[in-house]
Amino acid sequence: MKYALAAVALLQCTSVALAKDIRVTYAGSMGKVMDQGLGPAFVKTESGDYQGQGQGAYGMARLLASHKHEADVFVSITPGPMQILKDAGLIDDAVPVASTSMVVAYSPKGKHAAQFEEASQKKDGSWLNLLAQKDISFGRTDPYVDPKGQNIVFTLLLAEKYYKMPGIADKILGSLQNPAQTHQEGGLLARLESGQVDAAAGYESEVRSAHLPYVALPDEINLSNPTMAKQWYDTVSFTINDGQGKDQVLHTQPMVFYAAVLKNAPNGVAQGKKFVSFMQSAEGQKLFKEYGYAGPKGDSLYAR
């Protein structure tokens with residue numbers, strides 16, 4: 001019996017050691033770079049299979065933390081979703097692999113495309129007035145489940161101060177979870193491409209990957225410049241209910257993409273580490289750049 005058990009254990013260890021597959025969950029905005037770039041390039045050298053799933057990073061982090069979903073690697077934007085996994089004891093560290101900035105993308109098929117194109121050439125905040133028009137459909141993600149949904153709120157609050165247009169953020173948003181505006185992360189840019197919405201909050205990386213036109217925003221607004229955090233970005237905040245009846249005040253976080261290997265990785269921690277190392281490699285960084293991402297910024301989140 002002992003020998004049989006030992007044989008089974010050895011077989012299990014060998015199977016993990018020889019694992020070539022990789023399962024990655026990621027912030028929904030990363031669909032193209034992950035599923036068309038990094039994933040296929042990684043398994044090409046591994047001769048295995050790649051499985052990728054994108055969703056709002058906070059929502060996905062909660063699924064992983066509650067063991068309703070499993071992955072070898074989780075890639076998130078901003079530190080917040082990673083903290084959920086850290087608190088659940090599922091990760092030890094999270095390393096920066098790329099970065100981006102906030103932009104306002106617009107539909108090239110929309111009736112307001114020419115107006116947004118004109119606004120993109122100006123530096124007077126006219127894009128804000130466009131978003132506030134009643135006949136313009138603006139899309140964004142839910143700030144309760146997705147960092148991008150939070151970041152567009154911060155962006156609008158900063159723009160309101162920067163351009164001295166008090167009240168414009170509320171006029172555009174209506175409410176934090178305005179059902180007329182909030183959409184699932186994975187389908188938002190598809191709705192923009194098809195003309196179902198006129199404009200949408202986006203990360204420059206995903207918008208460039210989708211080859212969509214956009215309004216670039218100054219550093220004071222786009223959340224990309226860490227040196228502006230204390231003097232400018234940190235001057236805005238907003239409050240959401242944490243789901244347990246308590247108010248939680250949210251502050252801006254670095255627009256950095258972090259990757260972490262989960263301790264319960266179905267294909268093994270070693271395989272997860274190989275994928276993270278690939279993202280950090282010259283080849284991985286070249287792919288990030290090709291898909292519109294900027295380089296990683298800052299240090300690992302929990303480095304000792």
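Analyst: Let us begin with one residue and its surroundings. Val-75 touches Val-24, Thr-25, Tyr-26, Ala-27, Met-30, Met-34, Met-82, Val-97, Tyr-258, Ala-259 and Met-279, leaving aside residues up to four places away in sequence. Please note that this is a predicted model.

User: Which residues touch the most other members of the largest nonpolar core?

Analyst: That core has 85 residues, and Met-30, Met-34, Val-75, Trp-127 and Met-279 touch the most other members. There is also a second, separate core of ten residues, including Ala-105, Leu-188, Leu-189 and Val-207.

User: How should I read a sheet, and what is the order of the strands in the open sheet of five?

Analyst: The strands of a sheet pair through backbone hydrogen bonds, in either a parallel or an antiparallel manner. Here the order is S7-S6-S8-S5-S9, and the pairing is mixed. Strand S7 (182-183) and strand S9 (214-216) are the edge strands, each pairing on one side only. Strand S6 (residues 138-141) and strand S8 (residues 199-203) run parallel and are joined by two bridges; Phe-138 stands opposite Ala-199 in S8.

User: Which helices pack on these strands?

Analyst: Helix H5 (residues 113-120) lies across strand S5 (102-106), S8 and S9, and runs at about 150 degrees to S5. H7 also packs on the sheet, where it touches S5, S6 and S8; the direction of H7 makes about 110 degrees with that of S8.

User: Finally, is Ser-209 buried or exposed, and what does its side chain reach?

Analyst: Ser-209, which lies in helix H10 (residues 204-209), has a relative accessible area of 9% and is therefore buried, the cut-off being under 20%. The side chain of Ser-209 reaches the backbone oxygen of Ser-205 at 2.9 Å. A polar atom of the Ser-209 side chain also lies 2.3 Å from the backbone oxygen of Tyr-291. Beyond four places in sequence, Ser-209 touches Lys-32, Tyr-291, Gly-292 and Tyr-293.

Terms used: Residues are numbered from 1 along each chain as its sequence is written. This is a predicted model: local features need pLDDT of at least 70, side-chain atom pairs count only at pLDDT 80 or more; totals for chains, interfaces and linings use all residues. Side-chain values use heavy atoms; hydrogens and water are left out. Helices (H or I, at least four residues) and strands (E, at least two) are DSSP runs, numbered from the N terminus. Buried means under 20% relative accessible area, exposed over 50%, partly exposed in between (1.4 Å probe, protein chains only). A polar contact is a pair of N or O atoms within 3.5 Å; within protein, one must be able to donate a hydrogen and the other to accept it, and residues adjacent in sequence count only if both atoms are side-chain atoms. Contact means heavy atoms within 4.5 Å. A nonpolar core is a set of buried Ala, Val, Leu, Ile, Met, Phe, Trp, Tyr and Cys residues joined through side-chain atoms within 4.5 Å. Two strands pair if DSSP finds at least two bridges between them. Axes are lines fitted to C-alpha atoms, for helices over the stretch in contact, and angles run from 0 to 180 degrees between N-to-C directions.
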